[in-house]
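Have the sequence and the coordinates to hand.

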Amino acid sequence: MTTTLQQVASAAAGPAPHLREDLLTPRFYTTEIAKAASTNLAGQRAEFEAMLAEMEADYNRDHFDRKVPLDRLRALSAQEKEAYESYLVRSCVSEFSGFLLFKELSRRLFKASRPELGRLFQLMARDEARHAGFLNRALVAEGIEIDLPSLSGKRPITWFPLSWVLYSVFLSEKIGYWRYILIDRHLKAHPQNSVAPLFDFFEPWCQDENRHGDIFNMLIRCWPDLRQGLRGRLLSRFFLWSVFLTHSLTVCERDSFYTLLGIDPARFDEEVMRQTNRTARRAFPYVFSFEGSHYLELRDKLVDTFRQIQALSAQPYGATRLLHSLGLKLRFGALMMRQFCQPMLATGVQFEVNA
């Protein structure tokens, strides 16, 4: 029996929600498109042309076989089925969010007489649509049908400054790369844990994520002031911290999905953060120091407090719950501030000035 989008959304109040409205739910974004149209490519022209040519070549065109069945390979328990489907729904909405952002940028950049930039974003939108389409097909195989265009009209659009979009999308693409490649490597080493053919596409998938991240690294370099001085330090700190914290809490919330694949959620989260932090050295002026700091220890405390807050929400309303909830939230806020202020390392990236 097929589940409609309204049924999926309304499941937030039920025992097996697939798309709750909370801070971890994927959202749709827009930005300063007129400012994006003024991007000066002069200092990055050679790299821009190389990346555009690589995107035009579409090396993954034949890797995403639209005819391959995406049904699960084996029966799952009710809890495992919920974990798998929740992962599909959130990932599908996230990929579709990227498609909408890139599509809107492409459309507006063409109108602003920046066809080369418009074409680059058009090609990235193609990749995101391909990913969302595969996830949607896997959902249909589960009996869940999401009307993505309708969903985009019902959910609010969040506006971000261009600098925020450049930093956050770079990180989301790179952290996505490490998530997919680490899952791919694990399942190739332990094929008995692969529950669906969808995971066979994670290797070409992560190549797209990595390529998109490189494109946003190039775009960041087109705005040298974004990496200089106090502004560069604050942007590096805020976006690395916020993306890592979101990832840790999302992995915590989806821990049953990773357990289903035979992956230790905490170790997976730590490895993804370490690799993304290392990759960010090529783009950001500062990255976090995981060695000799309390960053990961605070991660564990944040995740534990997050679990307690979630568990408390299932208890009956009353003064005791209210006071306990307030105490946990104050503790969570204090832990966030401590983690945010952990030491960072200068990366020594060069600040190119556009010719």
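Ser 293 sits in the loop that runs between strand S3 (286-288) and H12. The model is predicted. Is Ser 293 buried or exposed? Its relative accessibility is 17%, so Ser 293 counts as buried, since buried means under 20%. Leaving aside residues up to four places away in sequence, Ser 293 touches Gln 342 and Pro 343. Ala 50 is another matter: 243 residues separate it from Ser 293 in sequence, and 39 Å separate the two in space, C-alpha to C-alpha.

**Helix packing**

Two packed helices are described by the angle between their axes and the distance between the axes. Helix H12 (residues 295-312) packs against helix H13 (residues 319-340) at about 160°, and the axes are 10 Å apart. That angle makes H12 roughly antiparallel to H13, because angles over 145 degrees count as such. The crossing of H12 past H13 is left-handed. On the H12 side, the contact residues include Tyr 295, Leu 298, Leu 302, Phe 306 and Ile 309. On the H13 side, they include His 324, Leu 328, Phe 332, Leu 335 and Met 336. Charged residues take part too, among them Arg 299 and Lys 301 of H12 and Arg 321 and Lys 329 of H13. The contact divides into 10 nonpolar, five polar and six charged residues.

**Aromatic pairs**

How many aromatic pairs does the structure hold? There are 29. Two of them are listed here.

| Pair | Centre to centre | Angle between planes | Class |
|---|---|---|---|
| Phe 134 and Phe 201 | 4.8 Å | 55° | tilted |
| Phe 288 and Tyr 295 | 4.7 Å | 45° | tilted |

Phe 134 lies in helix H5 (residues 115-141). Phe 201 lies in the loop between helix H7 (162-189) and helix H8 (202-221). The pair therefore ties together parts that are 67 residues apart in sequence. Phe 134 and Phe 201 are both buried. Phe 288 and Tyr 295 are buried as well. Tyr 295 also belongs to the H12 side of the contact with H13.

Ring pairs also build a cluster. Its members are Tyr 29, Phe 160, Trp 164, Tyr 167, Phe 170, Phe 238, Phe 239, Trp 241, Phe 284 and Phe 340.

**Val 93**

Val 93 is placed in helix H4 (residues 78-111). With a relative accessible area of 1%, Val 93 is buried. Ile 146 lies 53 residues from Val 93 in sequence. In space, the C-alpha atoms of Val 93 and Ile 146 are 9.2 Å apart.

Conventions
Residues numbered from 1 in each chain as written. Predicted model: local features only at pLDDT ≥ 70, side-chain atom pairs only at ≥ 80, totals over all residues. Heavy atoms only, no water. Axes fitted to C-alpha atoms, helices over the stretch in contact; angles between N-to-C directions. Helix = DSSP H or I, 4+ residues; strand = E, 2+ residues; numbered from the N terminus. Parallel < 35°, antiparallel > 145°, perpendicular 65-115°, else oblique. Left-handed = near helix turned anticlockwise from the far one by under 90°. Contact = heavy atoms within 4.5 Å. Buried < 20%, exposed > 50% of the residue type's maximum accessible area, 1.4 Å probe, protein only. Phe/Tyr/Trp six-rings, centres within 6.5 Å; stacked < 30°, edge-to-face > 60°.
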